[in-house]
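Please read this report alongside the sequence and the model.

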Amino acid sequence: MYFIYKPEGVEPTRWKFEPSKLMSPEVEAIEDHTGMAFKQWFEAFEQGSFKAIHGLLWIMLKRSRPTLLWHEVQFCMDDIDFEVEPGDEDDSDDEDPKEA
């Protein structure tokens, strides 16, 4: 799956999203800021939780802007999109994070 950030007036940014490949400091930061364990966060993300989506967007943006703060990331749902790769529909269970 691809996670796409496309705020109005800005060239869209597209990241390959593989939850099991997030680095431990990234996952811990998401947990700290959302108050959710990784598995809960992923489930909330799949259900469209704004807080969960905020966590992923913040981490993806932070990779290129390390000093970016949580509260500096503001978005609306029109800014967010998802793209499923062919064949991903059948493999969705393979991406589920492991239980802690």
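## Overall layout

Read from the N terminus on, the elements of the protein follow the order β-β-α-α-α-β, and its secondary structure comes to three helices and three strands. Here helices (H or I, at least four residues) and strands (E, at least two) are DSSP runs, numbered from the N terminus. The model is a predicted one, in which local features need pLDDT of at least 70 and side-chain atom pairs count only at pLDDT 80 or more, while totals for chains, interfaces and linings use all residues. Residues are numbered from 1 along each chain as its sequence is written, and side-chain values use heavy atoms, with hydrogens and water left out.

Of the 100 residues in the protein, 37% are buried, where buried means under 20% relative accessible area, exposed means over 50%, and partly exposed lies in between (1.4 Å probe, protein chains only). Among contacts (heavy atoms within 4.5 Å) between residues at least 6 apart in sequence, 56% join residues at least 24 apart.

In α1, the residues Glu26, Val27, Ala29, Ile30 and Thr34 are buried. Viewed down the axis of α1, these buried residues fall within an arc of 160 degrees, so they line one face of the helix; the arc is that of the directions from the helix axis to the C-beta atoms. The buried residues of α1 pack against α2 and α3, whereas Pro25 and Asp32, on the other side of α1, are exposed. Just after α1, glycine 35 takes a positive phi of about 75 degrees.

## How α1 meets α3

Helix α1 (residues 24-34) and helix α3 (residues 50-62) have axes that come within 10 Å and cross at roughly 140 degrees. Axes are lines fitted to C-alpha atoms, for helices over the stretch in contact, and angles run from 0 to 180 degrees between N-to-C directions. The helices α1 and α3 are therefore oblique to each other, given that angles under 35 degrees count as roughly parallel, over 145 as roughly antiparallel, 65 to 115 as roughly perpendicular and the rest as oblique.

On the α1 side the contact is made by Glu26, Ala29, Ile30, His33 and Thr34, and on the α3 side by Lys51, Gly55, Trp58 and Ile59. By class, this contact of α1 with α3 has four nonpolar, three polar and two charged residues; Ala, Val, Leu, Ile, Met, Phe, Trp, Tyr, Cys and Pro count as nonpolar, Asp, Glu, Lys and Arg as charged, and the others, Gly among them, as polar.

## How α2 meets α3

Helix α2 (residues 38-46) packs with α3 at an angle of about 105 degrees, the axes being 7 Å apart, and that makes α2 roughly perpendicular to α3. In this contact Trp41, Ala44 and Phe45 of α2 meet Ala52, Ile53 and Leu56 of α3, and its residues divide into six nonpolar, no polar and no charged.

## Two buried residues

Glutamate 26, found in helix α1, is buried, with a relative accessible area of 13%. Not counting residues up to four places away in sequence, glutamate 26 touches Ile59 and Arg63.

Histidine 54 has its place in helix α3 and is buried, with a relative accessible area of 13%. Leaving aside neighbours within four places in sequence, histidine 54 is in contact with Trp70, Val73 and Phe75. Histidine 54 and cysteine 76 are 22 residues apart in sequence and, C-alpha to C-alpha, 9.9 Å apart in space.
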